[in-house]
Amino acid sequence: MSCNDDSNPVDSKVASDTGVAEVDPTKAKEIQKFTHGRPLTTCRVEPSGKYVFVGAEDYGIYRFDLETGDKVAYLGHDSWVRRFDFSADGKTLLSSGWDGRIGFWDVEPAVIVEVEIAAAVEKTEKEEAKAAVIQSQVAATKMIEAHQGFSRWVHVAPDGKTIATCGNDKLVKVWSAKKMKLRRQCVGHERHPWAVMIHPNGQELVSEDIMGEIIVWGLKDGKQRSKIDASVMTGFDLKFQADMGGARAMAFNHAGTLLGCAGTTNVVNAFAGQQDPIICIIDWESKEITHHLRTKDNKPGIEWGVHFHPAGFVAGCFAGQSNNGTVEFWRLDELAVAEPEAAVGADADGDLDPEKSASTAVAETEKSKPIEQKPFHVVKVDKAVRGIDFSSDGRRFAIACADGSLRVYEL
Amino acid sequence: MTMRRNKGCNPIDHDLSRRGFMGGGLMAGAMAGFGTLLSPAMAAKMKGQQKQILQVYLQGGVSQFESWDPKPGTTFGGPFRAIPTSVPGTQICELMPHTAKKMHLLSIVRSINLRTNDHNKGMLFMEKGRPAGTYPYVGSVASKYLSQPDNPLPGFVHITTRGLSGETAGFLEAQHAQLRLEGVQPPQHLGLPAGVSEDLALRSENLRLQLNQQFKTGRSRSLIDSYDASFDQARQLIKRTHLFGDQDEKELDRYGRHWFGRRCLLARTLLEEGVTCVKVTHHGYDTHAENFNFHVEQLDEFDKTFATLLGDIEERGMLDNVLVIVYSEFGRTPAINHKFGRDHWGASLSVAMGGCGIQAGGVVGSTNADGTAVKDREVDGGHLFHTYLQAVGIDSQQNHDIDGRSIPIGDPVTEPIKELLS
């Protein structure tokens, strides 16, 4: 797979349609920085590009106006929020909270109230407490009890008609977007699923749990279609005797030919954050992992984001063990085609096995050895990065950082 | 029920400086006369009461915020909520819903300050009741004073896979040291080596006994007998093959098929068999990274299994005689680091206990609003040690008699948490 020809699966048609094919990540520069008093957990750029929403290590969702810098608090969850999505018309923000609920919020609310709040809510650990601050607040239009246990993820289907959620009740749920009525419960994960995405074809959805088990479900019937082994993304910490892994972020490319799952691999001591970051790229047709996207320095940490850019690259964000971060950009190389004379059913002694065809051998080679891909460009960030999202036009991206900063970059 | 100390001067503040003066180690032996020696008659009485201890050790330092002292909605409270329990007015973290239903059997101490953030020091303080020095673990003390003389099984069994070990018996006889079981496997190295026949083993054993007799000449008989006793106890344990065979499938459904479930099921069996102190370690709480995800996973295992075990102990009528303790070597920092982790924190942590000798349904002490410090009724490992022993009928303010030397059983500068004792 290359990135700039007609067969490019990474959305080259979208790129030409939207005119962002020439966007160059190597020219990325920070243009704005906003701060919140608590570390951020995630961010999404609102479809019009006017606002960025962030989650934080408090119970609020915060909307930053990129023109004015004004901040509005969306309050209603009783826990942290780590995932947002938007309705198809872009007017409604959906949030999944660890309180098990899905929140619905107006992007442009009719009512914003000014409330005097205790300074402690807004101050950082190092700041002196101020007497009080005025906070602009918005209430949810609707809160749905979605999961027994935390709602880990919410995703609105590209056609806007269906919503998928998953939570610590080990369920993946499919809802009608119009009335948020539960349509289907997908049962099958033995451990907590952390992310779920509806395929652009509107026929399937896919979820990944902490053990790296990816399940493909039928959207219409909620039944399992197939499983994908992404156990490379999990590990049992022998010293501390616990599993850790799973998808910290998940995304399809526009055409639905590729799925990206961001997280960790090579767990050494997950309790100290000693594991490698990784984004697994899965070819949707074969359901095989074709690429392991690795960071340039391969320092320990977690990959918290994955985004397929219409200009033909993949972007991810990284939080390092040492509270540093990066935004990294990859192009997907073609899968290596094995040399027939070396691959055709050769056994340990080099003898040929006539039962194995060349194509079978190539397929096995592809299956067993995903391409280890290094980024073509890295943007260094002085703090751990916990979320990334691009504007609809693909020309800007925002990152959520562990120091409470929201940073906006232009490409 | 909430147990709260009268406000005012806290004698513990004075005690701590006194402790520093006294120093550690066997210097405490010089305190002879502080308490009286535990008389043989009293010791026999304690043994006759058949009191037992179940220790559930959450290795690595469970977060007090994510367990017994939740602070939802505060600066460092994290993402989890507090839930009501079977004790009106008492809330614990939502990660322990099954335990919440059993809280009427437990009490919580929320005001522990160990003054150390070191794994080993914290663990030893919690086990020995002293911040430093060579002293026996609570399990070894229980083994010495509570084990039935005719019980051939070890007095102190620790089911674990790994972790910090050490001389748990301190200056007590070796037979009171923990017998460590690797998970639910029988003790190692007690079976016959491959190729060794029963006959050869018998002759080998006879030779060992003969050599032992020679070795005893001019040496402390009690020391040799103690090692012999340890060996015999382990051998008696392994003879009970039913303990280590396949575990009941229905019970595993109840306890969980994970390692902790299997260990707790074995713990119940060992208690029923009469082992005086059974310690079960659940690993995986040293959460410098991913504190919240790890606590979701680890406490998900702990919660249902522990609640099942506690319920079984109660339903079988054992709870009046079994002291149940859930503890760690310290807690975790209020501050959440950039890895979504919490680091070591010994300044304000919690333990839960119940059963034998403990008033259930209480909360002792509290931390401040953000959980950064103990607010009232500050205690440490010394107070807990006294409390555990007093709960099972051992007067911890008396002395061990070790070859004529008097050594205080509990740290003389601390005292039991009296409001916890029933």
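Predicted model: local features only at pLDDT ≥ 70, side-chain atom pairs only at ≥ 80, totals over all residues.
Residues are numbered from 1 along each chain as its sequence is written, while chains are lettered from A and ligands numbered from 1 in the order in which they are written. Local features need pLDDT of at least 70 and side-chain atom pairs count only at pLDDT 80 or more, but totals for chains, interfaces and linings use all residues.

Let's start with pLDDT, the predictor's confidence in each residue, from 0 to 100. Chain A has a mean of 87, with 83% of its residues at 70 or more. Residues 1–9 of chain A fall below 50, and that stretch has 21 contacts in the model beyond near neighbours in sequence; a contact here means two C-beta atoms, placed from the backbone, within 7 Å. Residues 336–366 of chain A also stay under 50, with 27 contacts beyond four places in sequence.

Now for the inside. A nonpolar core is a set of buried Ala, Val, Leu, Ile, Met, Phe, Trp, Tyr and Cys residues joined through C-beta atoms within 7 Å, where buried means that 20 or more other C-beta atoms lie within 10 Å of a residue's own. The largest such core has 105 residues, and Cys261(A) and Val52(A) are among those with the most contacts inside it. Strand β27 (residues 313–320) of chain A gives this core its largest share, six residues; strands (E, at least two residues) and helices (H or I, at least four) are DSSP runs, numbered from the N terminus. A second, separate core has 103 residues, including Ile112(B) and Val324(B).

Next, a sheet in chain A. Four strands form an open, antiparallel sheet in the order β6-β7-β8-β11, with pairing taken as at least two DSSP bridges between two strands. Its edge strands, β6 (81–86) and β11 (142–145) of chain A, each pair on one side only. Strand β8 (residues 101–106) of chain A meets β11(A) over four bridges, and Arg101(A) has Glu145(A) as its bridge partner there.

Over in chain B, all nine residues of helix α5 (residues 138–146) are buried, so this helix is largely enclosed by the rest of the structure. Among them are Lys144(B) and Tyr145(B).

Finally, the chains touch: 24 residues of chain A and 23 residues of chain B take part. Strand β21 (residues 242–245) of chain A supplies the largest share of chain A's side, three residues.

Technical notes
Buried ≥ 20, exposed ≤ 12 C-beta atoms within 10 Å, placed from the backbone.
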